[in-house]
Amino acid sequence: MDNQFFLQGPEDEMEFLPMMPLNDDNDGNPDDQVVPEEIALLPLRNTVLFPGVVLPITVGRDKSIKAVTDANKNDKLIGVVAQKDSSIEEPAITDLEAIGTVAKIIKLIKMPDGGTTIIIQGRKRFHINSITQEEPYFKAKITAMEEADIDNDPDFEAMVGGIKDLASQIISMSPNLPNEAGIILKNIENASFLIHFVSSNLNSDIKDKQKLLEISNRKERAEVLLNLLQTELQYTELKNKVTNKTRAELDKQQRDYFLQQQLKAIKEELGGDNVAEVKEMQKKAESKKWPEAAKEMFSKGVEKLERMHPSTPDYSVIYNHLDLMLDLPWQEYTADEYDLKKAKKILDNDHYGMAKIKERILEYLAVLKLKGDMKSPILCFLGPPGIGKTSLGKSIAAAINRKYVRVSLGGLHDESEIRGHRKTYIGAMPGRVLQSIRKSKSSNPVMILDEIDKVGNDFRGDPSSALLEVLDPEQNHAFYDNYLELEYDLSKVLFIATANNISNIQPALRDRLEIIDLSGYAVEEKIEIAKRHLMPRQKEAHGLDKSNFKLSDKVLEKVVEDYTRESGVRELDRQLAGIMRNQAKELALKGKLKATITGHDVERILGKPRYSNDIYKTANMAGVAVGLAWTYVGGDILFIETLLSEGKGELKLTGNLGNVMKESATTAFTWLQANARKVGIDSEVFGKKTVHIHIPEGATPKDGPSAGVTMMTALASAFTGRKVKPFLAMTGEITLRGQVLPVGGIKEKILAAKRAGLREVVLCWQNEKDIQEIDSTFIRGMAFHYVKNMQQVLDLALV
């Protein structure tokens with residue numbers, strides 16, 4: 001490596017090295033030096049040699065050592081050129097500058113490590129004309145570059161004086177440069193050497209120094225140097241200003257620290273306001289079980305608190321933060337109840353049905369009992385409203401003897417509600433997860449994340465993304481809350497999310513959830529739920545718990561079928577509450593009640609039935625078919641009405657239909673046109689009629705492919721004039737080839753058909769497995785037809 005021994009400039013914190021010419025008898029005037037036509041080249045990194053300046057150089061590269069050794073044996077002259085890129089270890093010809101300085105080797109010293117040190121003095125600038133040799137070192141033909149004399153130019157003299165003054169100022173402002181450097185500078189009388197001397201010691205970029213070397217006009221070189229010195233002076237002034245400011249700030253901090261220590265001593269003598277608070281906190285912390293990181297942070301916080309006056313704004317911030325750390329149950333857990341029979345009994349007593357969920361909880365308990373520890377599953381109960389998803393979480397907590405907390409996520413739009421705010425903000429609080437943990441006083445509660453599908457996602461934030469960390473078993477052992485500023489272990493928490501519509505849950509979040517589908521209740525299940533849970537609760541709520549009147553199963557069935565149309569039991573609960581209010585009024589007025597409430601009494605209390613199955617008798621006409629639909633509140637039935645009118649073969653679709661449903665109608669119409677002869681339709685009629693398909697309840701948006709077979713049947717019925725079999729419903733997707741494909745939500749759809757009094761259902765043969773999962777008692781009296789193509793559907797449906 002070829003480089004200078006000493007670097008100049010205040011940044012390097014090295015002593016200033018005056019580079020003066022040596023008084024050698026052979027030196028003479030550098031400008032009068034005879035320059036040979038061919039000379040060996042010595043490439044230098046980070047250094048530019050100026051005429052008249054002396055430099056010590058360490059030579060480490062083999063080529064350079066050979067070049068220096070040969071030159072020292074001959075005329076002691078060598079051509080020094082700077083590298084364009086100092087990072088290149090073995091430079092090529094193209095990596096060297098074209099202009100350099102002829103130097104005389106004054107001294108050559110062999111170092112113990114094998115390197116060579118030389119002291120050289122610049123003599124005259126030269127220009128490389130051509131390279132004559134590359135091995136073992138570079139040789140080039142050169143041309144010496146002369147400099148014109150400037151006689152009595154007042155501008156040049158003023159520039160030289162300015163250079164001397166600016167250089168002196170930089171030396172005086174740089175603490176790392178000795179004052180003797182300024183004295184040496186003032187004693188330099190030769191203007192050219194002064195420019196070269198200052199240029200060589202300038203703390204500027206290598207490119208700026210090379211530019212100075214290449215300028216032949218001395219006046220112009222002095223002007224460029226003057227500008228560089230001005231920049232260097234401004235930089236030095238700015239650096240001194242920053243250094244002085246930092247020193248002043250450090251002095252102030254030390255002064256404040258000593259004053260705080262004195263203030264602390266005075267407070268202890270007087271019994272300061274916050275001494276009791278701090279001591280109470282420290283006492284609580286002694287018996288606290290928490291990680292080492294939390295203990296360390298608490299200790300630092302208490303130290304800050306002791307130095308602060310209670311009236312300062314930061315005091316309350318730190319106090320509240322430490323109070324949260326003390327309140328959190330870091331390593332406190334409740335003991336799980338491993339009695340599986342008892343847990344099953346509690347779950348069965350609180351909720352009727354729901355076998356899947358109960359089985360999953362008992363499996364979890366069984367593994368805990370055998371293994372003693374495992375990561376809690378992240379469950380998601382998916383189903384329509386009113387079926388008891390949220391209340392089931394409370395029963396699960398009771399069954400396994402854990403604390404119960406509920407976090408409502410509906411309408412949440414700020415991720416800080418999950419992760420917390422920075423504690424420096426006014427009104428900052430921890431996230432809801434940690435707040436719930438703090439409230440439960442246990443690190444392994446059952447936490448219900450209610451309505452996770454209704455989390456907001458707009459310009460204000462995306463909390464569902466913040467939930468990814470909470471609900472990932474691989475990450476939540478180190479959950480980071482912005483307010484707490486520490487990692488908290490959530491891996492022992494049993495998270496249970498509830499949702500109505502899985503499509504509204506972000507895919508990445510959905511992937512972390514173990515989905516357990518909960519279907520709506522059948523009529524038989526609702527009757528049992530009413531007898532076991534709803535009736536006793538409503539009796540107690542209306543002061544009738546001591547009365548012995550009864551509602552028979554038949555009367556309860558009438559309430560379910562004639563006054564409710566839902567998957568859950570919320571509306572049924574309200575209707576029973578209406579009956580109880582009437583009974584309470586009767587008891588208050590007459591002092592006694594009838595022993596049994598009849599169907600006639602129900603109509604008197606609740607009014608005429610709201611829902612009736614007679615619509616299927618009156619709606620039985622050609623062109624009308626009944627379909628089954630799935631909504632987020634459960635299953636439902638819908639009519640597909642088709643009417644033909646004189647026209648030109650157009651297809652009109654109304655009823656607030658989505659794109660998928662419109663495409664299903666188009667597919668059905670196209671298939672019917674293509675297979676008109678098989679169905680028994682004159683193909684010419686399609687061009688003479690306008691077909692209008694309408695699905696009632698136009699205010700309700702409808703979409704999905706499952707109405708494909710129903711629209712096909714309605715179209716075929718309208719064109720053939722044959723009616724659809726009464727009390728028949730159907731569901732399934734169709735293709736252009738006439739195949740029937742399976743669809744989802746079968747249980748909800750079948751229960752909706754049962755509620756509506758339908759007796760037969762046509763569906764794809766691949767959905768037979770879904771029917772087999774439904775309890776046979778819930779679908780007693782219903783017939784199911786499994787089909788593979790549209791022809792089979794039409795054979796079954798049209799009469």
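A disulfide is defined here as a pair of cysteine sulfur atoms within 2.5 Å. By this rule the count is 0 disulfides. In general terms, a disulfide is a covalent bond between the sulfur atoms of two cysteines. C380 counts as buried, at 0% relative accessibility. C764 is also buried, with a relative accessible area of 0%.

The structure is a predicted model, in which local features need pLDDT of at least 70 and side-chain atom pairs count only at pLDDT 80 or more, whereas totals for chains, interfaces and linings use all residues. Residues are numbered from 1 along each chain as its sequence is written, and side-chain values use heavy atoms, with hydrogens and water left out.

The secondary structure of the chain comprises 27 helices and 25 strands. Helices (H or I, at least four residues) and strands (E, at least two) are DSSP runs, numbered from the N terminus. The radius of gyration is 47 Å, well over the 28 Å that the globule rule gives for 799 residues, so the chain is more spread out than a compact globule. This radius is taken over C-alpha atoms, and the globule rule is 2.2 Å times the number of residues to the power 0.38. Along its principal axes, the C-alpha trace spans about 135 × 95 × 55 Å. Buried residues account for 47% of the 799 residues. Contact means heavy atoms within 4.5 Å. Among contacts between residues at least 6 apart in sequence, 75% join residues at least 24 apart.

Helix α12 covers residues 389-399. Its buried residues are K389, L392, G393, S395, I396, A397 and A399. An α-helix has 3.6 residues a turn, so residues three or four places apart point the same way. Just after α12, N401 takes a positive phi of about 60°.

A343 lies in helix α10. A343 is buried, with a relative accessible area of 1%. Not counting residues up to four places away in sequence, A343 touches L362, L365 and A399. A343 and A398 are 55 residues apart in sequence, yet 8.1 Å apart in space, C-alpha to C-alpha.

Methods:
Buried < 20%, exposed > 50% of the residue type's maximum accessible area, 1.4 Å probe, protein only.
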